[in-house]
Amino acid sequence: MENTQNTALTVKNLFGKDEVRNKFQEMLGKRAPSFITSVLQIVASNSLLAKADPHSVYHSAAVAATLDLPLNNNLGFAYIVPYNQSVNEGGQWVKKQVAQFQLGYKGFKQLALRSGQFKGMNSTDVREGELKERNRLTGAITFDWVQDEAERSKLPIVGYLSYFELLNGYSHTFYMTILEVRAHGQKYSQTFQKGKGLWNDDFDSMALKTVTKLNLSKNAPLSVEMQKAITFDQAIVNDSETEDVTYVDNEPVVIDKEAERVVLMIKEAKTVKELKALEPHVKEEQLDLYTVRMDELKATK
């Protein structure tokens, strides 16, 4: 779909166009009107999404339609979430509100079962005392599950696991401690680092998604649909048809202008004293920046 510039364009106006409605009609048939309604409801209930680039909302919705997954935050199959993207415009980094497509762990499960290669699969949390043995040599993991749900709910969560079994008998269990899950989120998600988004609002669902996605991508046969889902997951979809995406969690961190100016001054200074001479009003936190970067910059002098 052509991404024309129109400052007055809203998501509601875009999805009201015949070409957009016809596109969803081709993908979903009679279910297209209700699907479009669900997208508009999601946008209306989120003030940040309402400000997002309408075309980014369209492409995220088109991905969900292509994968035939419902967009309903309560169901947990797929989401359209707002993201404050950094965009380089004329050499200046500016913020732009866009929509990001995210697949839920139920979406991964649905796509896997739909492939016809799986006998069954499941993801769950693991409570204190349930992990009994972890064989580092064979990879086998043994659990002893607490059967009383009321008693189990009182125990702290210590990890998350994903399990699947194929029709040919092959099975695999993938387990991560809660610390490993948090480390994964910290490493790969800027929204996690900032305490925002689904990692903050629904940690359990994101943890279950993490172990499910890693287990399937590392250990299971992937259908074309599953490969496409992994490509689009947690990306800003620039074009859903050509699979042109931007992985926002890997974009460069924006440095504020004041800090950037001090970094430039550091290149001219060899000591903190010289830095103060260059900038008498340098702040303590900027001196910290100088100290952290000095060894690295010395190597480039």
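I looked up the handedness first, and I found that α2 passes α3 in a right-handed crossing, where right-handed means that the near helix is turned clockwise from the far one by less than a right angle, and left-handed that the turn is anticlockwise. I keep in mind that this is a predicted model, in which local features need pLDDT of at least 70 and side-chain atom pairs count only at pLDDT 80 or more, while totals for chains, interfaces and linings use all residues. Residues are numbered from 1 along each chain as its sequence is written, and side-chain values use heavy atoms, with hydrogens and water left out.

Next I noted the geometry: the axes of helix α2 (residues 18-28) and helix α3 (residues 32-44) come within 9 Å and cross at roughly 120 degrees. That angle makes α2 oblique to α3; angles under 35 degrees count as roughly parallel, over 145 as roughly antiparallel, 65 to 115 as roughly perpendicular, and the rest as oblique. The axes are lines fitted to C-alpha atoms, for helices over the stretch in contact, and the angles run from 0 to 180 degrees between N-to-C directions. Helices (H or I, at least four residues) and strands (E, at least two) are DSSP runs, numbered from the N terminus.

Which residues of α2 meet α3? I listed R21, F24, Q25 and L28 in α2, which meet A32, F35 and I36 in α3, contact being heavy atoms within 4.5 Å.

I then turned to the aromatic rings and recorded 10 aromatic pairs in the structure. Rings of Phe, Tyr and Trp (its six-membered ring) pair if their centres lie within 6.5 Å, and planes under 30 degrees apart count as stacked, over 60 as edge-to-face and the rest as tilted. The ring centres of F118 and F164 are 5.5 Å apart with planes at 75 degrees, so I wrote this pair down as edge-to-face. Because F118 lies in strand β3 (residues 118-127) and F164 in strand β6 (residues 157-166), the pair ties together parts that are 46 residues apart in sequence. Both F118 and F164 are buried, that is, under 20% relative accessible area, with exposed over 50% and partly exposed in between (1.4 Å probe, protein chains only).

F143 and W145 form a stacked pair, 4.9 Å centre to centre with 15 degrees between the planes. F143 is buried at 18% relative accessible area, whereas W145 is partly exposed at 32%.
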